[in-house]
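I opened my notebook to look up a few helices and a chain contact. Here is what I was looking at.

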Amino acid sequence: MILVGRGGADDLVVRGARVLDPGEKLDAIVDVRIDGGHVAQIGERLASNGHRVIDGAGLLLAPAFVDPHVHLRTPGREDEETIETGTAAAAAGGYCAILAMPNTDPVVDTTDVLRGLRARAEHEAAIPVGFTAAITIGQAGQQLTEMGELADAGAAAFTDDGRPVASAGLMRRALEYNAITGRRLALHCEEPSLTRGGHMHMGAVSAELGLGGWPSLGESLGVARELSLARDTAQPLHLMHLSARESVEHLRAAQAAGVEASAEATPHHLCLTDEAVRSLDPNLKMNPPLRTADDRAALIEALNDGAIAAIATDHAPHSREEKDVPFEAAPFGVTGLETAFAALYTHLVQPGLVTLETLLERMSAGPAHIFGLDRPRIAIGAPANLVLLNTGATWRVREERFRSRSANSWLLGEKLRGKVLLTVAAGRVAYEA
Amino acid sequence: MTDLHVVPGDLLPPATPERRHLLSIADLTRDDVERLLSTAHSFALSQERENKKLPTLRGRLVVNMFFESSTRTSSSFELAAKRLSADTLSFKASGSSVDKGESLKDTALTISAYDPDVIVIRHPQIGAPQLVSRVTEAHVVNAGDGKHQHPTQALLDLYSIQAALGRLEGVHVAIVGDILHSRVARSLVQALRLVGASVTLVGPPPLVPAELGERAFEIDAIAEADVVYVLRMQRERMEEGANYVPSLREYSARWCVTPERLRPGQKVMHPGPMNRGVEIDPRVADSDAALVVDQVRAGLVVRMAVLYDLLTTGPVLVETAMEVA
């Protein structure tokens, strides 16, 4: 089992919501009854069987979300996030499953660390969570981890996220060897000699602000290398947090050539451009950086046609003292679990750039498929993984409302449309607004 | 005992002017720039008198926070505040709690507890003045943040050009040298555009970002300009092994501003500190064409104008300045 954490056997009836599951070709105003944590019946005027009844009139009931890219900061930086607070934040964002990154202290590079995390998650996690393990020991890019043992111990995927595997030779070896694990390699693509000293996208805005540039080529050169290696070794791979048009072009070419390559994009790259960095707000500093309107358009296009099949938040909590510094001194990373749906609904669905169906698919079935997880679905007999949304409600993003232990959100103070009202994860009500 | 006769309106505090900072030239309009230059001119007249002190900002507090070395900027801000009768407090990072690991935010909060009217900050990191402006009630003036901005330098440069040439509109300025690492160049390019002057950026390709404006790699390009503005190679801001130029020897052979590369009538400016023999020939630095000392003098009156403009409203009249003197 890749996912660990509390499931449940809750009973519930949601009455009269628009029930939308693109994967099941379901779009109707009906009742859904959950018996013992499983979807028992879908239809009109269902008997409540004595269950708790939630009035869903005017609301949207959809498969809950899956986030393949979350930093839980545990072990090592529990002041920034814990398994408990990170998964509570995920539940509040409508997620029923998340994958945690291994760039912790210590790094998740041994079965001992992995087993320890999984044991803690059994008790602490608000929703099921999977833990990824590192590709190289200490993420130092020198020596492969015991990938076979780690996979047997439940590693959800392998990644050195936060940094690239600098050596092409070692990356090739990792791809070859990973054939025994059946898990994805998830790659952070970056050519360090091009991104050293970079604080934002290299372009007109960085030239004007004087900030060191992190060029698109710093990512796309890495993307091209990894895709070439995947093609050469005939192994699948997953590209994390794509940000540049050139990267998307390499991805499309590889997919067309038959490489089994998947990719994710983040809400911040899908919603913002480097123009936002003019404010010098450290909550707009992330790696890879925000890019141009043209790059953003390429990401949205790829999201729409499925070249990019997953939305991942890259939820990266940082303490207040780390971010309350000059832009140039601030670490990379922003939070995103609790705002992802609303941000994307507001910035992509409302202006007509992406349909609601596509958004729901890329936040749920897409990432689940890539990482070999069961697709959350609204179908009789399926475990209840549901999110109840009010797409008519607006709310203001406020620091004190976050369940995350950190508040380094790029959306602080912004008014968003689309609110998560209820999350059911693995049959348990994990969040209620 | 005399009865106090209180007129209700007398006790109301003066209307708070809209709180403004000077963080970037991008915050200013052409009107703002022209108003500041004309205010600076009024103050220049006051500086010709024997008693150079004006009572204008009596009782106000100007704090200078310098986290990076400075000669001209820190001394001229301090003198500008004193000439306007403000109290000054100079805070230097070394020898302070910064050495004990105090964060910029905490230092700014500590200084703010004295209710300063203006905080002048210089810091090696881009975004430091923005951070201070988020945590203090004082007006914040950016006296240089990393490679980003140095707005009062650009204003004093405009003032010097106007004084030397009698105009700004249509003036052609060639900026020569390490543009990439220069906050002076970034501010100046914006300021020159704002007042209708034109700019050519000249230097080695890796040090002249294409996005900033028209550029030329050959030093001959300075021949077209009315003003040649020379910049220092900012080796302290270059990463180890970055190889922006192969050597300083090759740099000065190709881009040093020498008497032979200038034509008569051209003015030469430099924000200092100069590396004589690297980017500027000593014969040029010491010639009549050089406005370097005028720039320093302009720095005082322009910074007086900036402080005045932040703490009062409306333009200063020459008569007013003379009268209060």
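I began with helix α6 (residues 183–194) of chain B: its 12 residues reach 17 Å from first C-alpha to last, close to the 16 Å expected at 1.5 Å a residue. That expected span is 1.5 Å times one less than the number of residues. Helices here are DSSP runs (H or I, at least four residues), numbered from the N terminus.

I keep in mind that this is a predicted model, where local features need pLDDT of at least 70, side-chain atom pairs count only at pLDDT 80 or more, and totals for chains, interfaces and linings use all residues. Residues are numbered from 1 along each chain as its sequence is written, and chains are lettered from A and ligands numbered from 1 in the order in which they are written.

Next I checked burial (20 or more other C-beta atoms within 10 Å of a residue's own, C-beta atoms being placed from the backbone). In α6(B), 11 of the 12 residues are buried, so the helix is largely enclosed by the rest of the structure. Among them are R183(B), R186(B) and Q190(B). After α6(B) I found G196(B), with a positive phi near 85°.

Then I turned to α1 (residues 30–46) and α9 (residues 292–311) of chain B, whose axes come within 8 Å and cross at roughly 115°. Axes are lines fitted to C-alpha atoms over the stretch in contact, with angles from 0 to 180 degrees between N-to-C directions. Residues of α1(B) including L36(B) and F43(B) meet residues of α9(B) including V301(B) and Y308(B).

Last, the chains: 17 residues of chain A contact 19 of chain B, a contact being C-beta atoms, placed from the backbone, within 7 Å. Helix α6 (residues 204–209) of chain A gives the most to chain A's side, with four residues.

Note on methods
Two residues are in contact if their C-beta atoms, placed from the backbone, lie within 7 Å. Helices (H or I, at least four residues) and strands (E, at least two) are DSSP runs, numbered from the N terminus.
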